[in-house]
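These are my notebook entries on one structure. I set down what I looked up, entry by entry.

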Amino acid sequence: MKVIDRSDLDALIEELIASDPRDVVGVQEDGEQYVFDHLESADELTLDYDLTALSPKKYVMPQRETLLTYDRTDDEYEMRAEADPTGHIVVGVHPYDLAAIEHLDKIFIDTLQDEPYRRKRENSVLIGVTMQDVADNCFAASMGTATVDSGYDLMVTDLGDTFAVDIGTFEGDRLLESTKTRNATAEEIERVAEIEADLKDGFDRELAFPPAELPTLLEASYDDMDFWEDYAEQCLSCGTCNVVCPTCFCFSVDMVRDLDGDSGRQERRWDGCLLEDFATVAQGENFREEVAQRHRHRFMRKGWYIYERYGDVACVGCGRCTRHCVADVADPCEVYNELREAQHA
Amino acid sequence: MSDASAPSVSDGRRPRVAFFDFTGCEGDQLQVINLEDRLLDLVEVVEVVSFREAMTEHGDDYEIAFVEGGVATAHDERRLTRIRENADIVVALGSCAAFAGINALRNDQEFETVKERVYGEDSDSITSYPIARPIDDVIEVDYEIPGCPIDREEFVGAVTALVNGAEPSIPNYPVCVECKFEENTCAFERGETCLGPITRGGCSATCVSAGTHCWGCRGMVDDPNEGAYTDVLEDHGLTTEEIIEEYQLYWNWQRDSRAVADGGNR
C-alpha cells in the first residue's frame with residue numbers, strides 16, 4: 001500500500017486531465033444528487049459522496065451506442081463497425097460499483113465477447129474510493145460489496161491530509177510513476193482496515209440472511225403469485241429500477257434507416273425487463289404480459305437466474321433502484337427479507 | 001392498423017404527401033417546417049402536393065395524409081372523411097389529432113360557458129360540437145405521431161419508414177426511461193409532481209431535462225397503471241381535484257376511452 005498527499009493526488013488528476021487522451025470523469029455534485037461526469041479540474045471531484053444517479057456502467061456500456069453503419073452501393077451492402085472503443089479514466093468508484101463492473105466483465109467479455117464493451121472496458125482505468133458515506137437505501141455490506149479486493153486499477157482511502165492507495169493492476173501502478181508516493185506505515189495500513197471495518201455500522205439496511213441463500217429462496221418463491229401481485233399492484237412498470245441498476249445489462253438493437261433507405265446505422269440502447277414491450281416477440285406475443293410477471297422476473301434474475309448462468313448474485317446492494325422508484329416497490333432488500341420471512345413463518 | 005401501403009421510393013416514384021390542419025395550433029406542421037435543411041432531403045423522397053402552412057398549391061391526389069388537429073365540427077367530419085377516401089395512409093400528427101390533446105380539456109366543462117369564455121359575444125355563431133375528439137373517432141387512422149409539439153426526428157423516422165415500405169413505430173416505454181438516461185434529478189425529488197412515469201417516452205425527457213416536469217403531452221403508455229400512479233400522487237400530497245387537473249391537460253379523451261373499456265370506472 002502506498003500513501004499520497006492530498007495535493008499530489010489532485011496534481012495527478014490535473015496531470016491526467018491535461019495529458020491523457022482519454023476523458024477523465026469523476027464524481028461531482030449535480031444539484032441535489034451526485035453524478036459521474038467529465039472533470040474540468042480536480043476541484044470538481046467529490047469523493048465523500050453517498051451514491052451517484054447512474055453507475056459508471058455508462059462508460060463501458062453507454063445508454064445509446066451506434067454499433068455499425070451501412071451503405072448500399074449498387075447491390076452491395078457495405079457495413080462498418082462503429083462502436084467507440086475509447087476508454088475513460090473514472091475517478092471515485094465505490095466498491096459496489098466496481099463489483100458490478102467485474103460482474104459485467106464476466107458477461108460481456110468472458111461470455112459474450114462483446115467487442116464494443118470489451119474495447120471500452122480494456123481501455124478504461126478505474127480509480128476506486130473507499131466509501132465514506134452510506135446512502136439510506138444502500139445495503140452493500142449485506143451483499144459483500146461494501147469493500148472489494150479487486151476490480152480496480154487503484155483504490156484510494158481518505159486519511160485526512162493523505163490518501164492510502166492500493167495498487168490493483170500494473171496499469172494502476174504506472175499511473176503513479178510520475179507522482180510522489182511513499183510506502184504506507186503499519187499504522188496507516190491499520191487505519192485503512194479500521195475504516196473498512198467501521199463502515200459496516202454505517203448501513204441502515206440489512207439483508208436478514210446470507211445472499212448465498214437467495215437462489216434457493218427465490219426458486220421456492222416462484223409460484224407465490226399472491227406475493228408478486230401484491231407488489232405489482234403498486235408498480236408503475238416504468239423501468240426506472242432497470243435503468244439505474246449497475247448490473248442490468250439488457251439492451252435492444254434498432255436499425256435506424258436514413259431517409260433514402262440505402263444507408264443507416266444499427267444502434268443499441270438500454271432496455272429493461274419491467275417495460276411492457278421488453279418480452280414482446282414476433283406476432284405480438286408477450287411472454288411476460290402481466291406486471292406481476294415482470295416484477296417477479298427482475299427479482300428472480302438478480303438473485304437466482306444470473307447465479308445459475310454466471311455464478312454471481314447480480315444485486316450489489318447499491319440501493320439505486322430503491323432511491324429512484326417513485327412507487328416505492330423496487331427495494332430488493334425489503335422484497336428478499338419479506339420472502340424469507342414468509343417462507344419461515 | 002389497416003393494410004395500408006404507399007408506393008415507396010424503391011418503386012422509382014416519390015409518394016405524394018399532403019398535410020391538413022384541423023382544430024389545433026398548427027405547431028406540429030411548424031415542426032415539419034422547422035426541419036429547415038432537412039426539408040430538402042425530405043422532398044427528395046416525397047412529393048408534397050398540399051401543405052397550407054408552407055405552400056400555395058393544393059392537390060387532392062396523394063397517398064399519405066398527415067393530419068394535425070382534432071375534430072370539433074360537422075364540417076371537420078366531412079372533410080376528414082374525404083381525406084380518408086383520397087389517402088392510402090392517414091397519419092395523425094400531434095396530440096390533438098392522435099388523442100384530442102388539449103382540445104379535450106373542455107370536454108368536462110359546460111359547453112356554453114366554454115364558448116362564451118373563448119368567443120364572448122360571438123359565441124352564438126359557433127357551431128362546434130360540445131366534445132373535442134381525436135381523428136380516429138371519425139376515420140380509421142393508420143399511424144400516430146404524438147407530441148405537443150411532435151418530435152421532428154420522430155416525424156422524419158415515420159416518413160423514412162413509410163417511403164421504405166416499413167411501419168412507423170413509436171416507443172411504448174415511459175418518459176422515465178430516457179429521463180434516467182439523462183440523469184435528471186427526478187421531479188418528485190425536487191418536490192414537484194411529474195406525469196413521466198406513465199407518459200409515452202421518445203422525447204428524450206426534454207421537459208424534465210429543461211428543469212420542469214412532464215405534462216403528459218405524448219399521451220399515456222399503452223397500459224398505464226393509473227391506479228398505482230394516482231396513489232403516488234396522493235402520497236406526494238395532491239388532492240383528488242389536483243390529481244384530476246394533472247390528468248386533464250392532455251389525457252381527458254384517453255382516460256374517458258379507457259374508462260369506457262373498463263366499464264365506466266375511472
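Predicted model: local features only at pLDDT ≥ 70, side-chain atom pairs only at ≥ 80, totals over all residues.

Entry 1. I began with Asp97(A), which has its place in helix 3 of chain A. Is Asp97(A) buried or exposed? I found that Asp97(A) is buried, because 29 other C-beta atoms lie within 10 Å, and the cut-off for a buried residue is 20 or more. Leaving aside the neighbours within four places in sequence, I listed the contacts of Asp97(A) as Ser55(A), Pro56(A), Pro246(A) and Cys318(A). I then looked up Arg80(A), which is 17 residues from Asp97(A) along the chain. The C-alpha atoms of Asp97(A) and Arg80(A) are separated by 32 Å.

Entry 2. I turned to the domains of chain A. The domain assignment gives domain 1 as 2–62 + 84–202 and domain 2 as 211–250 + 273–344. I read 28 Å between the C-alpha centres of domain 1 of chain A and domain 2 of chain A. In the contact between these domains, 22 residues of domain 1 of chain A meet 18 residues of domain 2 of chain A. Which element gives the largest share of the side of domain 1 of chain A that touches domain 2 of chain A? I found that helix 3 of chain A does, with 8 residues. By class, I recorded 13 nonpolar, 6 polar and 3 charged residues on that side of domain 1 of chain A.

Entry 3. I repeated the search in chain B. Here the domain assignment gives domain 1 (9–163) and domain 2 (175–261). Taken over C-alpha atoms, the centres of domain 1 of chain B and domain 2 of chain B are separated by 25 Å. Their contact takes 17 residues from domain 1 of chain B and 12 residues from domain 2 of chain B. On the side of domain 1 of chain B that touches domain 2 of chain B, the largest share comes from helix 4 (residues 95–99) of chain B, with 3 residues. I recorded 9 nonpolar, 4 polar and 4 charged residues on that side.

Entry 4. Next I examined the sheet of chain A. I found an open sheet of 8 strands with mixed pairing, in the order 3-2-6-7-8-9-1-10. Which are the edge strands? They are strand 3 and strand 10 (182–183) of chain A, each of which pairs on one side only.

Entry 5. I followed strand 2 (residues 23–30) of chain A, which pairs with strand 6 (residues 88–93) of chain A in the parallel sense over 4 bridges. In this pair Asp23(A) stands opposite His88(A), and Val25(A) stands opposite Val90(A). With strand 3 of chain A, strand 2 of chain A pairs in the antiparallel sense over 6 bridges. Here I noted Gly26(A) opposite Asp37(A) and Asp30(A) opposite Gln33(A). Strand 2 and strand 3 of chain A form a hairpin with 2 residues between them. In the turn, Gly31(A) has a positive phi of about 65 degrees.

Entry 6. I looked up the largest nonpolar core, which has 164 residues. Which of its residues touch the most other members? They are Val90(A), Ala65(B), Val67(B) and Val91(B). Helix 3 of chain A gives the most to this core, with 7 residues. For Val67(B), leaving aside its neighbours within four places in sequence, I found contacts that include Phe20(B), Phe22(B), Ile83(B) and Ile135(B).

Entry 7. Helix 6 of chain A is hardly covered, because the count of buried residues among its 14 residues is 1, where buried means 20 or more other C-beta atoms within 10 Å.

Entry 8. Last, I looked at the contact between the chains, which takes 28 residues from chain A and 30 residues from chain B. On the side of chain A that touches chain B, the elements that give two or more residues are strand 3 (33–38) and helix 9 (240–243) of chain A. The residues of that side divide into 13 nonpolar, 9 polar and 6 charged.

Terms used: Residues numbered from 1 in each chain as written. Chains lettered and ligands numbered in written order. Domains from an automatic or database assignment. Contact = placed C-beta atoms within 7 Å. Nonpolar A, V, L, I, M, F, W, Y, C, P; charged D, E, K, R; others polar. Buried ≥ 20, exposed ≤ 12 C-beta atoms within 10 Å, placed from the backbone. Core = buried A, V, L, I, M, F, W, Y, C linked by C-beta atoms within 7 Å. Pairing = 2+ DSSP bridges.
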